[in-house]
Amino acid sequence: MMPKLFDIKFPRDSKTLPEGFWSAVDVWIKKPHVVNKRLCGVTETESRDVDREDLRLLLDDPEHFQDVLFFLTSEVSPAQTHGQDKPWSSSIRTFIPKVNCYGTNLQKEVILKDFARQQVTFLPFDEDAKGKASLKNGNIYQIQLCNQDCEEWALELHVLTSDAWFSDGVAYAKLPWLSSDLLPKLVRWASESRSSEFRSTLSLLPVDKYSVMYQRLKEKYKAMVKVWPEVTDPEKFVYEDVAIATYLLVLWAEERSEKNLTARQSFVDLGCGNGLLVHILTNEGHPGKGIDVRRRKIWDMYGPQTLLEEKAITPSESFLFPGTDWLIGNHSDELTPWIPVIAARSSYSCRYFVLPCCFFDFYGKYQRRQCKKSQYKEYIDFIAEVSQVCGFNTEEDCLRIPSTKRVCLVGKSRNYELSDEAESEQRRANLIQSHRICPRVTDEKSAIANDGGGCHGNAEGDSTWGAGFQPRDRVPVVRNCATLPRDFVDSVVLQVANALLGMTVDDGEGSCSDWNKGGSLSVSEIAGLLEQETLQLLKRECGGLQTLLKNNHQVFRVEGGRVFIRDWRDEKSARVNTKRKPVAPGALKTRFCWFHVHHPQGCPLQAVNCAFAHGPDDLRPSTRPPKKLKNTVL
């Protein structure tokens with residue numbers, strides 16, 4: 001048997017093996033980019049069963065064939081496998097690097113699964129532009145599941161010629177990486193063996209085209225990160241919108257190819273937010289616009305070619321888009337379930353793309369109906385059901401974006417003929433009516449006249465099919481306890497802190513150390529200390545009492561549902577500040593230290609080491625002028 005290079009044992013209570021092993025292997029075969037971050041993905045051929053002769057023809061390398069065959073069948077002689085009927089399941093995968101460093105050559109692997117021996121072997125080869133392949137004999141490796149002593153399972157790594165291993169830094173890392181990174185991941189995946197509720201990433205697109213497009217757009221629009229004027233994280237939002245734009249551009253390019261179209265698709269982004277997606281799609285040659293209830297600062301940076309409208313959208317006849325090819329809903333919140341409806345009613349040829357985030361029904365927050373699925377999966381299924389009833393052949397995919405909400409739904413075609421439009425419209429009307437919570441429309445609203453043209457209606461609409469819908473406020477309502485009266489917040493903080501500091505050793509919770517850290521209480525126990533009037537005011541805020549306590553992290557540490565006094569001397573307690581540098585001489589101190597003012601023993605830190613002011617003389621407010629907005633057009 002070929003000597004093992006490395007092995008790693010499974011936990012003794014692993015109950016998912018051997019099936020979990022093959023699930024983990026499939027992740028490595030189909031999604032190597034989840035471990036190897038220098039890859040964008042792979043393409044894979046259909047698997048087929050092969051025998052010894054098929055393998056010889058497949059490799060077309062007489063010089064190394066016998067070595068490879070011995071590597072595959074090291075427990076038995078090659079002659080013993082000659083009579084076996086197709087012992088291996090074979091497929092070929094082609095690597096797609098994030099940055100192409102191979103020129104016109106392709107890096108591929110023949111993958112051989114041997115279910116009888118519970119092993120998978122990878123035979124890498126290089127294919128040039130003319131289709132000529134050359135086997136990379138030094139990089140042939142094998143992963144095998146072994147049952148040791150009929151009790152312990154282990155994963156073993158074998159390499160044909162470890163001394164000849166070559167790392168190119170992309171498809172093939174250094175050999176120790178296989179043992180230090182890949183094998184532990186395979187063990188974890190095999191032990192969990194959890195199947196995803198959703199489809200694989202980028203399942204509707206050619207991954208190679210996506211990779212090329214993404215790298216081009218990322219390079220083109222990366223400067224937006226440096227000039228981002230919003231309070232949101234620039235890297236997350238810029239690169240997320242670049243990835244979404246990449247997905248749409250490739251999707252639309254494939255559609256033009258399938259339908260033999262030349263004109264680029266038009267679009268309207270409903271609830272466009274910062275407008276960057278609209279800006280990118282417009283710059284890449286697609287006519288369109290974005291609509292949102294609230295104007296953003298960054299809109300002024302795009303220039304006149306990016307069409308963005310500040311307008312509240314209410315589902316009605318006034319907000320149909322008969323001349324538009326695609327409607328987009330990118331984290332469109334309360335508009336999400338309406339977008340398939342609006343697309344279906346705009347025209348028979350109108351398509352849509354939605355990326356759901358927050359959970360909304362037609363007329364308010366979405367209410368869960370079952371507990372067998374995750375809330376996210378249930379909501380995706382709800383939007384897919386709406387799409388189906390609206391008449392779309394609905395497809396689901398998973399985007400490659402820095403977000404936990406990555407599943408999109410695409411409606412590219414209809415599930416009925418144009419001649420059946422009236423019947424389909426009746427199904428849509430019944431669907432909306434079944435979800436209506438505000439069925440009546442006042443005469444005043446019904447009498448509001450439309451000023452003509454598509455998408456020129458007012459926020460109230462001029463038809464009953466959107467009655468009861470509440471568009472978001474033009475000015476966002478802040479309900480994270482940040483707008484509560486300062487005196488009210490200070491009184492709650494002081495009351496809770498005094499309760500914690502008042503706990504002593506006699507209570508079984510306190511401390512008699514040199515500086516009183518107090519005890520701990522659960523959030524519900526703290527709620528029992530507060531007056532009903534205080535609790536009622538806190539209930540109006542998102543997160544209530546717990547949010548208020550977390551907001552005041554200078555004083556409190558909330559962990560595992562319990563509340564503690566924060567001790568800034570303790571690294572664990574002060575971990576909210578771990579990314580900050582030590583307080584430098586002359587550093588800005590814009591707030592008073594709560595402990596210096598209120599704690600019976602003062603602050604546990606010296607003034608020079610505390611990030612907050614110990615008295616009026618220690619305050620150093622900022623004197624910097626506000627940043628000016630630059631006009632930048634990309």
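Which residues lie nearest the centre of the largest pocket? Hi everyone, let's start there, keeping in mind that this is a predicted model. The residues in question are K31, H33, V34, T201 and R406, and they belong to a lining of 47 residues. The pocket itself has a volume of about 1,600 Å³.

What kinds of residue make up that lining? By class, 19 are nonpolar, 15 are polar and 13 are charged. Several elements take part: α1 (19–30), β2 (39–44), α5 (175–192), α6 and α8 each give the lining at least two residues.

Let me stay with α6 for a moment, and with its two helix partners. Helix α6 covers residues 207–221 and helix α8 covers residues 234–259; their axes come within 9 Å and cross at roughly 135°. That angle makes α6 oblique to α8. The crossing of this pair is right-handed. On the α6 side, the contact uses K209, Y210, M213, Y214, L217, K218 and Y221. Facing them in α8 are V238, Y239, V242, A243, A245, T246, Y247, L249, V250 and E254. Sorted by class, that contact has 13 nonpolar residues, one polar and three charged.

The other partner is helix α9, residues 276–283, which packs against α6 at an angle of about 110°, with the axes 12 Å apart. The two helices are therefore roughly perpendicular. Here too, α6 passes α9 in a right-handed crossing. L217, K220 and Y221 in α6 meet H279, I280 and N283 in α9. This contact has three nonpolar, two polar and one charged residues.

How many cavities of 30 Å³ or more does the structure hold? There are three, and I'll show you two of them.

The largest cavity has a volume of about 90 Å³. Its lining includes G271, I291, D292, V293, K311 and I313, as well as F469, P471 and R472. Six of the lining residues are nonpolar, two are polar and four are charged.

The second largest cavity holds about 60 Å³ of space. Among the residues around it are W28, W165 and W177, together with R93 and E109. Both β4 (88–97) and α5 supply at least two residues of this lining. Its class count is nine nonpolar, no polar and two charged.

Note on methods
Residues numbered from 1 in each chain as written. Predicted model: local features only at pLDDT ≥ 70, side-chain atom pairs only at ≥ 80, totals over all residues. Heavy atoms only, no water. Axes fitted to C-alpha atoms, helices over the stretch in contact; angles between N-to-C directions. Helix = DSSP H or I, 4+ residues; strand = E, 2+ residues; numbered from the N terminus. Parallel < 35°, antiparallel > 145°, perpendicular 65-115°, else oblique. Left-handed = near helix turned anticlockwise from the far one by under 90°. Contact = heavy atoms within 4.5 Å. Nonpolar A, V, L, I, M, F, W, Y, C, P; charged D, E, K, R; others polar. 1 Å grid on protein atoms, 1.4 Å probe; cavity = no way out; pocket = protein on both sides within 12 Å on 5 of 7 lines; lining within 4 Å. Points joined across faces, edges and corners; volume = space filled by probe spheres on them.
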